[in-house]
Amino acid sequence: MPALSLPLERYISDPRLLPLADKVRREERLSFQDGLLLYESPDLTGIGAMAHWVRLRRHGLKTYYVVSRRMSYTNICYTHCQFCAFQAKPGDPKAYVLSAETIVKEMEKPENAGVRELHMVAGHYPKLKIDYFEDLFRSLKRRFPDLHLKVFTMVEMDYYARVSGLSVEAFLDRCVAAGLESCPGGGAEIFDEELRAKICIGKKDANVWLEVAELCHRKGIPTNCTMLYGHIEQPRHRVDHLLRLRALQDRTGGFLAYIPLAYQIEDNELGRTYEIHETTGHQDLREVAVARLLLDNVPHIKAYWVMITEGLAQIGLSYGADDLDGTIIEESIAHDAGATTPQALSKGELQRLITKAGFEPLERDNLYKIYA
Ligand code: V47
């Protein structure tokens with residue numbers, strides 16, 4: 001549905017959504033209660049149409065993707081997130097740590113030619129300290145000066161600063177001097193304190209995540225933001241999470257993109273402890289649309305094909321998303337937890353998904369500069 005040819009109300013069947021459509025048209029901010037209604041209403045078509053309307057106003061048919069490589073320098077993790085299937089404990093046969101040299105060698109492989117963004121998040125392993133990261137970033141930048149380094153979730157940055165005996169600010173300054181340019185949006189999970197204590201016992205709380213993001217933004221380092229949905233959270237937790245992100249973005253403007261992360265249920269404790277089903281297509285599209293409507297100050301909303309499948313991500317482009325993330329060569333976090341999507345998509349495949357849905361594909365860098 002690239003264009004909306006009818007007045008917005010004509011797409012809406014739930015009359016309770018009509019006042020929201022008025023607000024959307026007047027570019028008025030939606031409230032907490034509006035957010036709850038967006039989760040409660042069965043009218044996904046109406047919600048999607050409002051989100052699409054906002055997307056068209058903001059981006060027209062432009063749809064972004066990046067040629068991106070994932071890498072996790074270690075899977076050893078001392079934090080215990082119940083939803084994570086990627087982590088290993090020391091001594092585990094699958095545990096690994098990659099040296100800077102190995103990572104550079106990996107990036108030299110022909111399949112990584114043309115990669116513009118290296119997205120790295122990993123476990124929390126106390127043996128890695130600031131010297132490791134400085135060496136890693138400098139080695140990568142020496143060999144690939146144009147490669148964009150997007151590294152650390154906010155909790156990861158807090159963790160590695162502490163084990164390095166540095167303030168987060170000092171750690172960040174040194175990483176930036178060595179080549180760090182932006183940060184991914186992971187580690188946010190769900191901000192609600194009670195739920196966080198159930199799904200990621202011992203992990204730093206929402207305030208830490210938000211404070212570190214604020215610090216990055218104040219230092220001119222853009223970051224992304226995420227929310228893990230489809231586990232034991234309720235709509236009020238999701239609205240609360242999104243509005244906390246929106247409030248920070250009001251202050252800093254430093255978030256580039258928001259990515260709803262559909263919980264993958266396999267090989268992790270959370271999936272074993274609770275009776276949780278895979279997220280449904282309906283739920284995945286709603287998350288994209290609600291984000292576009294509530295996060296009125298975050299420029300880009302991604303439909304993350306790795307977790308919701310390529311086909312649904314493509315449809316997500318008509319429900320508020322303007323970004324398909326990218327080629328994502330070698331993803332582990334979602335795949336270890338049961339994602340059945342391919343390990344990578346080619347540029348051609350991404351372009352086809354976008355054009356077949358009636359949108360205009362644009363290859364971007366991490367800061368949304370377009371490559372001709
Ligand atoms: O931090 C972990 C989450 C994140 C599971 O910034 C899980 O451009 C679902 O942050 N099911 C990593 N999610 C992914 C991530 C990301 C993805 C795409 C784009 C960007 C970006 C960031 O995935 C982790 C954690 O929050 N996660 N386990 C799971 N079983």
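Start by selecting Asp-325: this residue is buried, at a relative accessible area of 3% (buried means under 20%, exposed over 50%, partly exposed in between, with a 1.4 Å probe and protein chains only). You are looking at a predicted model, where local features need pLDDT of at least 70 and side-chain atom pairs count only at pLDDT 80 or more, while totals for chains, interfaces and linings use all residues. Residues are numbered from 1 along each chain as its sequence is written, and side-chain values use heavy atoms, with hydrogens and water left out.

**Around Asp-325**

Asp-325 belongs to strand S8 (residues 323–326); helices (H or I, at least four residues) and strands (E, at least two) are DSSP runs numbered from the N terminus. Setting aside neighbours within four places in sequence, the contacts of Asp-325 are Tyr-64, Tyr-65, Val-66, Arg-70, Lys-302, Tyr-304 and Arg-364 (contact means heavy atoms within 4.5 Å). Keep Tyr-64, Lys-302 and Arg-364 on screen.

**Rings and charges**

The model has 16 aromatic pairs: rings of Phe, Tyr and Trp (its six-membered ring) pair if their centres lie within 6.5 Å, with planes under 30 degrees apart stacked, over 60 edge-to-face and the rest tilted.

Go back to Arg-364: its charged end sits over the ring of Tyr-368, 4.3 Å from the centre (NZ of Lys or CZ of Arg within 6 Å of the ring centre and within 35 degrees of the ring normal). Arg-116 does likewise with Tyr-371, at 3.3 Å. For a cluster linked by ring pairs, select Tyr-73, Tyr-132, Phe-133, Phe-137, Phe-152, Tyr-159, Tyr-160 and Phe-171.

**The ligand**

Which residues come nearest to the ligand? Of the 23 around it, they are Phe-83, Lys-150, Gly-185, Glu-189 and Lys-302 (a residue is near if one of its heavy atoms lies within 4 Å). An N or O atom in the side chain of Lys-150 is 2.7 Å from a ligand oxygen, and a polar side-chain atom of Lys-302 is 2.7 Å from a ligand oxygen. A polar backbone atom of Gly-186 lies 3.3 Å from an oxygen of the ligand.

**Helix H9**

Next, show residues 206–218, the 13-residue helix H9. At its start, a side-chain oxygen of Asp-205 comes within 3.1 Å of the backbone nitrogen of Asn-207. Just after H9, Gly-220 has a positive phi of about 85°. The buried residues of H9 include Trp-209, Leu-210, Glu-214 and His-217. Among the elements covering the buried residues are helix H10 (235–252) and strand S5 (223–229).

**Last stop: Val-24**

Finish in helix H1 (residues 18–25), where you'll find Val-24, buried at 5% relative accessible area. Beyond neighbours within four places in sequence, Val-24 contacts Leu-8, Met-50, Trp-53, Val-54, Arg-57 and Leu-293.

Note on methods: Expected span 1.5 Å × (residues − 1). Polar contact = N/O pair within 3.5 Å; in protein donor to acceptor, adjacent residues only side chain to side chain.
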